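Let's walk through this one together. Have the viewer open and follow along as the residues come up.

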Amino acid sequence: MTSERNSDRSSCHELVEYTIVVFNNGKPRFLDLTGKIINKSRSGFCFITRYPLKSGHVLAFKSQVFQHCHGVVMWIKNIGGIYMAGTQLVGKETPG
């Protein structure tokens with residue numbers, strides 16, 4: 001985690017539904033997961049999830065999140081059995 005931010009953060013209390021791809025015995029497996037966004041900015045958000053994501057995981061959002069369809073996990077922190085993740089929004093913004 002870095003204290004340098006490209007844009008200001010604001011508090012948020014939204015649920016996010018997303019899909020990630022993991023490999024199990026060399027085969028891709030799609031996992032449908034949820035989390036709770038706790039703060040957001042123009043370029044990303046921080047959220048809480050129960051799944052131990054890894055930096056670099058690409059999230060495909062079930063519904064657009066702040067006018068984006070995808071995000072990349074930039075950092076992850078175990079906070080006692082749940083995880084806090086910093087996510088950067090990627091791809092083109094969609095008209096909203």
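## A polar pair at Thr49

Start with a side-chain pairing: Thr49 and Tyr18 make a polar contact through their side chains, at 2.9 Å. Keep in mind that the model is a predicted one.

Is Thr49 buried or exposed? Thr49 comes out at 3% relative accessibility, so it counts as buried, the cut-off being under 20%. In the secondary structure, Thr49 belongs to strand S3, which covers residues 44-49. Skip the residues up to four places away in sequence, and Thr49 touches Tyr18, Thr34, Gly35, Ile82 and Tyr83.

## The overall picture

Zooming out, the protein has six strands and zero helices. Along the sequence that reads as β-β-β-β-β-β.

The protein has 96 residues, and 33% of them are buried. Its accessible surface is about 6,400 Å², with carbon and sulfur atoms accounting for 50% of that. As for contacts in the protein with a separation of 6 or more, 47% are between residues 24 or more positions apart.

## His13, out on the surface

Now over to His13, which sits in strand S1 (residues 10-24). With 62% relative accessibility, His13 counts as exposed, because the cut-off for that label is over 50%.

Which residues does His13 contact once its neighbours within four places in sequence are left aside? Those are Lys36 and Ile37. His13 also has a polar contact, side chain to side chain, with Ser11 at 3.3 Å.

## Cysteines without a bridge

How many disulfides does the structure hold? The count is zero. For background, a disulfide is a covalent bond between the sulfur atoms of two cysteines.

Cys46 has a relative accessible area of 5%, which is under 20%, so it is buried. Cys69 comes in at 32% relative accessibility, and because that falls between the 20% and 50% cut-offs, Cys69 counts as partly exposed.

Key. Residues numbered from 1 in each chain as written. Predicted model: local features only at pLDDT ≥ 70, side-chain atom pairs only at ≥ 80, totals over all residues. Heavy atoms only, no water. Helix = DSSP H or I, 4+ residues; strand = E, 2+ residues; numbered from the N terminus. Buried < 20%, exposed > 50% of the residue type's maximum accessible area, 1.4 Å probe, protein only. Polar contact = N/O pair within 3.5 Å; in protein donor to acceptor, adjacent residues only side chain to side chain. Contact = heavy atoms within 4.5 Å. Areas by Shrake-Rupley, 256 points an atom, 1.4 Å probe, with all protein chains shown as cover. Disulfide = S-S within 2.5 Å.
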